[in-house]
Structures are given as C-alpha cells and as structure tokens.
Amino acid sequence: MATSYPTLAPFVLKRPWLRSMLTPVAKWYANAAGYRQLGLRADDLIVEENEKVIKALKRLPPKEAYDRVYRLRRAFQCSTAHQLLPKEEWTKPEEDVPYLQPLIDQITAEEKEKHALDSLTIIKNH
C-alpha cells in the first residue's frame, strides 16, 4: 500500500513481537484522538487539498460520498457545540475501515504507470 506519508507499518507488521507490543498503544491512540467520538472514520481526516485526494473523492460511490459528507457535517456541528455524540453513535473500531486510502493508492499506481509509459523509449533493431 503506497502512502503519501512516511510509515513504519511494514517494519512493525514483519515483527510479531513488535506488533503485539504496539497494538494496544495504537488502539489507545485511535480512541484518544477523539475522531471516533464525533462519528468520523480515519479516512475522513485525510486533507482534501491534494490532487490525488480530489480524484479519489470523485471516484467514491454515491452512497459512500453522501455518508462521508453526513459524518463531516455532524462532526462539525458537534465540534461547534462543544459536545460529543452519544456513546451508541460513536464509530466502532470495526466500522473504521479505510474507504478512501485504497482509491488514493490506486490513483498513485495509475500515475506511476502513466509516467513509466510516457517515458518509455523504443529502440528498433535492424
């Protein structure tokens, strides 16, 4: 999975002892970040000012795009009122799955492939 930010995930995932040590910390951090208490998912926090993200948002299915806008508006209202959602409306960890990052990765791969094909040189053998 290609990302636009540095990550240690492959390093950690290859070492079971390190993964078992860091998993509780990662779960604590995700809960402490507070976005789930506003009903958001992690991919809702991706900055939209990047060209790849804009393309990925255009590729979202209509229902997913609507749900994303709903989550963002609801979180904005909660933030403005300095309130959290009721606990039953918080995003559960099993619901917090990536929906935008796979599309961003796909766009990145397409751009790399296009660049490779555009810079291809043809050598004719006579």
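What follows is a working chat about a predicted model of one protein.

User: How confident is the model on average, and what share of the residues score at least 70?

Analyst: This is a predicted model, and the protein averages a pLDDT of 91. Of the residues, 95% score at least 70.

User: Which helix has the lowest confidence and which the highest?

Analyst: Helix H1, residues 9–13, is lowest with a mean of 86. Helix H4, residues 62–80, is highest at 96.

User: On to packing. How are two packed helices described?

Analyst: By the angle between their axes and the distance between the axes.

User: What are those values for H3 and H5?

Analyst: The axes of H3, residues 51–59, and H5 come within 9 Å. They cross at roughly 120°.

User: Is that crossing right-handed or left-handed?

Analyst: H3 passes H5 in a right-handed crossing.

User: Which residues make the contact?

Analyst: From H3, they are Lys 52, Val 53, Lys 55, Ala 56 and Arg 59. H5 contributes Leu 103, Ile 104, Gln 106, Ile 107, Thr 108, Glu 110 and Glu 111.

User: And by class, how many are nonpolar, polar and charged?

Analyst: The contact of H3 with H5 has five nonpolar residues, two polar ones and five charged ones.

User: Take Thr 108 from that list. Where is it found?

Analyst: Thr 108 is in helix H5, which spans residues 101–118.

User: Buried or exposed?

Analyst: Thr 108 has a relative accessibility of 13%, so it counts as buried, the cut-off being under 20%.

User: What lies 2.9 Å from a polar atom of its side chain?

Analyst: The backbone oxygen of Ile 104. Ile 104 is also one of the H5 residues in the contact with H3.

User: How far is Glu 110 from Val 12?

Analyst: Their C-alpha atoms are separated by 27 Å, and the two residues are 98 residues apart along the chain.

User: What is the accessibility of Arg 19?

Analyst: Arg 19 has a relative accessible area of 38% and is partly exposed.

User: Changing topic to loops. What about the phi of His 82?

Analyst: His 82 has a positive phi of about 55°, although it is not a glycine. His 82 sits in the loop between H4 and H5.

User: Is His 82 buried or exposed?

Analyst: His 82 is exposed, with a relative accessible area of 74%.

User: How far is His 82 from Leu 45?

Analyst: They are 19 Å apart, C-alpha to C-alpha, and 37 residues apart in sequence. Leu 45 lies in the loop between H2 and H3.

User: What does Leu 45 contact, and what is its accessible area?

Analyst: Leaving aside neighbours within four places in sequence, Leu 45 is in contact with Tyr 35 and Leu 40. Its relative accessible area is 47%, so Leu 45 is partly exposed.

User: Last one: where is Ile 122, and how far from Leu 38?

Analyst: Ile 122 is in the segment after H5. Ile 122 is exposed, at a relative accessible area of 72%. Ile 122 and Leu 38 are 54 Å apart, C-alpha to C-alpha, and 84 residues apart in sequence.

Key: Residues numbered from 1 in each chain as written. Predicted model: local features only at pLDDT ≥ 70, side-chain atom pairs only at ≥ 80, totals over all residues. Heavy atoms only, no water. Helix = DSSP H or I, 4+ residues; strand = E, 2+ residues; numbered from the N terminus. Buried < 20%, exposed > 50% of the residue type's maximum accessible area, 1.4 Å probe, protein only. Polar contact = N/O pair within 3.5 Å; in protein donor to acceptor, adjacent residues only side chain to side chain. pLDDT = per-residue confidence, 0-100. Axes fitted to C-alpha atoms, helices over the stretch in contact; angles between N-to-C directions. Left-handed = near helix turned anticlockwise from the far one by under 90°. Contact = heavy atoms within 4.5 Å. Nonpolar A, V, L, I, M, F, W, Y, C, P; charged D, E, K, R; others polar.
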